Amino acid sequence: MPLPDSRWQSLPDRTHSIAWLIAGFTVLRLLLAATAPLLPQEAYYWSWSRHLDWSYFDHPPLATYSMVLTTALFGQSIFGIKSAAVLWALGWNLLWVRLILDMYGDRRLAFWSIAALNLTFVYEAFGLGPTPDSPLIFAWTGAIWAVWRLSQTGNARWWFAAGGFIGLSMLGKYSGVLLGPVVLLYLLTSPRQRHWFGKPQPYLAVGVAIAVFAPVLIWNAQHDWVSLAFQSSRRVGEMGGFKPRYFLMLVATQFLLLTPYLFVVAIGALIRGARGGLGASVDDRTRLLLLSGAVPILVFTLVSFRSIAKINWLAPAYWSLVILGVQYVLTRDGGLRRLVRGLASSAILLLAAGLVFWIPNLPVPGDMNSWSGWQKAATRVAKAEASLRAEGRETFVFGPNYKISSLMRYYLPGQPRTYAHDIYGDKALQFDYFPLDRDLRGATGILVVSDQDAGDLDLERLKPWFDSVERIETVEARAFGKVTRRVDIYRCTNYKGHPRHNGARAATGGTDPQTR
């Protein structure tokens, strides 16, 4: 049945339609935050919030800072953790609207762009899961908006807002540094904006960005610059020869992450922009939005020919291209009808993904279910600890990786300090930098190993560190007659002591228990 264009075109002009749209998506996210399971990566970033610091090994601290705030308000709960991402998503939605209205003065475009962006997997995922990408998207959007405001008003004070947002983006995630080339290319290619090179404000804005980013610099200076090295020279060192399959993997994952229809809309905008070039004939709003998406896409596409590019790396790139793509679609004959149908297809895919995510213990291929069974396993671990303590033994809990250790910390009663592969001298990311709560020598370790993660640990590795390692229980999560997850629990007696706890050990790979 054909859609009546007049009805859909008038919708954005109705009272508060954009506000109701954003409010609806925000309420939906809050409901999901109260009911969705905790993912391993979310538990890991939450564990950082239990040891507040200037910054952290893997990433800058802004996502964790926001979780400190929301868990203080709502408790150390899944809702308290996930609501941090909901707040970031509300922020970037409001900035999207302000930017579109400032650029185009078109409520219709703002309405349909917001609808489109909120029907993508990528912005729904980071609007519910509090990872470093959530504050990155917010601050990236803010930086582009501030640059546009200074472009239109000529008011040099907007440079300080731009510098603040750029610093905030890097305080969220290191890839925020790519905003530097975006802004630089915008100034270079826009005849109307080149005059800023001769004024002090852009250079002062760099100082503002560095000042906002200072917590990361302080932490790195205290820890031999290990985080910056981890995310720069180590990444470069991982690159091998020409591997086109990694590029194909990137395209396939982005096709799904953005949803097929909106991927085509966004890439179509990128291709049209590339054909048109960045000469004087291109208006500044198109130039700025295009560069905002094109720079990270170019960088990480080049990376993908030599190394695996993670699926979330392009998260800040797409929103501006989707806006350009929606604007183009709405100018075509019958474009609104096609847009509504395309968004309906995206909504159906999101609903299907949500059902997979929220059906308890659903067995899905490729170890994609990472959230089931952990609360049950933690209950059994707590029971084993209680039994050992009744015998007068000290205990601690550890896992073969940061994911299991973080999930155990969240689900165990009282949310006690847990340990990862740092227990037997391996590099363990942020676990290498958490303070030791006590001397563990002589204690009994409770090791938790999932069937999905069993390959991360050879039990022979534990022999130098314990007198004995014995499996005491297996926990299974089931659905539809199939095992979703199997968790083995081991008792490891008489721990020989934690290896040296410093950045040098984290960089070199560990210390033998006999030479600690």
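## A tour of the predicted chain

Coloured by secondary structure, the chain shows 22 helices and 4 strands, taken as DSSP runs numbered from the N terminus (H or I of at least four residues for helices, E of at least two for strands). This is a predicted model, in which local features need pLDDT of at least 70 and side-chain atom pairs count only at pLDDT 80 or more, while totals for chains, interfaces and linings use all residues. Residues are numbered from 1 along each chain as its sequence is written, and side-chain values use heavy atoms, with hydrogens and water left out.

Display the C-alpha trace next: along its principal axes it spans about 75 × 60 × 45 Å.

Now select Trp-92, Trp-112, Tyr-123 and Trp-319, the residues with the most contacts inside the largest nonpolar core, which has 92 residues. Such a core is a set of buried Ala, Val, Leu, Ile, Met, Phe, Trp, Tyr and Cys residues joined through side-chain atoms within 4.5 Å, where buried means under 20% relative accessible area (1.4 Å probe, protein chains only).

Finally, return to the whole chain, where 53% of the 516 residues count as buried, and where residues 24 or more positions apart account for 75% of the contacts with a separation of 6 or more.

Conventions: Buried < 20%, exposed > 50% of the residue type's maximum accessible area, 1.4 Å probe, protein only. Contact = heavy atoms within 4.5 Å.
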